[in-house]
Amino acid sequence: MNDLLIKILSTLGAVFVLIASFGVFKMPDFYSRLSVTIKAATLGIGCILIAATIHFAEFSVTTKAIAIIFFLFITSPVAGFLISKVAYITGTKLWKDSIIDELENDPDSNCTNPALPKDKIKKE
Amino acid sequence: MLQNFLLNILLTFVWVALTGQLGYTNFVFGYALGFFILWMVNKSVNASTEYFYRVPKIFAFILLFFYDLMKANYEVTKDVITPNYNMKPGIIKYEMEAKTDFEITMLANMIALTPGTVVVDLSKNKKFMYIHVMYLTNKEEFIERLSSRIERKLLEIIR
């Protein structure tokens, strides 16, 4: 039973990381690439760590793994948020087939910089 | 609420100390046993029962969140493996019910952990959130789903 659980969890984790690395290669623009890769850091590594705790079944390993998972789940969304925000401010383009961009020239947001007109920054 | 939680933790440690096994399964079992004992005791005393509704809600939320995670992961995986794109990306403006900084942080974490969505920006008055969505077939439907499935349940737990 435990063996089967370890096999399933570690395989799932490895598959998540594999899909994310394919996603970096395949996705057309920066934002979708980012939203594919953040999950690899949390979901894939989380699955592998849980498999490790079940495999060792020791108190010291369990506490360390839980601490690592906790910090991953707290820090990586914040990192992704900051990376995407900086990308938008510096003028990274959305994909050409994007439907809407409600952030563009919105007076409520922090991202629109009136000193730099959008057409001049957004160059490929 | 907090008092019941601390009592539950105390009962867990008592159980672990009495049985003398430091494994994680023993902690989980002790916690469940302590929860059950406190629940039985509180039913007769007629004290605050908020804690006993909140813990099952937290577990239900975690299960629902993982179900959503798997569903969104399946969509992204299908798009990564097959050669053509069927995604429709876009940035939408989402009006939050969350007010305090802690609630906004938790909501942003939940949104960032589901595949296909990334929080791009917060508005100046902390009322709107700009989310980059990869599969935006219907904007109203997406906003409705996000607010009823994720946000309201999350706020029920942490408020």
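Two strands pair if DSSP finds at least two bridges between them. Helices (H or I, at least four residues) and strands (E, at least two) are DSSP runs, numbered from the N terminus.

This is a predicted model: local features need pLDDT of at least 70, side-chain atom pairs count only at pLDDT 80 or more, and totals for chains, interfaces and linings use all residues. Residues count from 1 along each chain as its sequence is written, chains are lettered from A and ligands numbered from 1 in written order.

**View 1. β1 and β3 of chain B pair up.** Six bridges join β1(B) to β3(B), residues 128–133. The two strands run antiparallel. Glu95(B) faces Phe128(B) of β3(B).

**View 2. Three strands of chain B make an open sheet.** Their order is β1-β3-β2, with antiparallel pairing. β1 (90–95) and β2 (117–122) of chain B are the edge strands, each with a single partner, so one side of each has no neighbour in the sheet. On average, neighbouring strands are turned by 30 degrees against each other, direction ignored.

**View 3. Two helices lie across β2 and β3 of chain B.** One is α2 of chain A (residues 30–56), at about 115 degrees to β2(B). Another is α4 of chain B (residues 101–113), at about 145 degrees to β2(B). Axes are lines fitted to C-alpha atoms, for helices over the stretch in contact (C-beta atoms, placed from the backbone, within 7 Å). Angles run from 0 to 180 degrees between N-to-C directions.

**View 4. Chain B follows the pattern α-α-α-β-α-β-β-α.** That chain has five helices and three strands. Its C-alpha trace spans about 60 × 40 × 25 Å along the principal axes.
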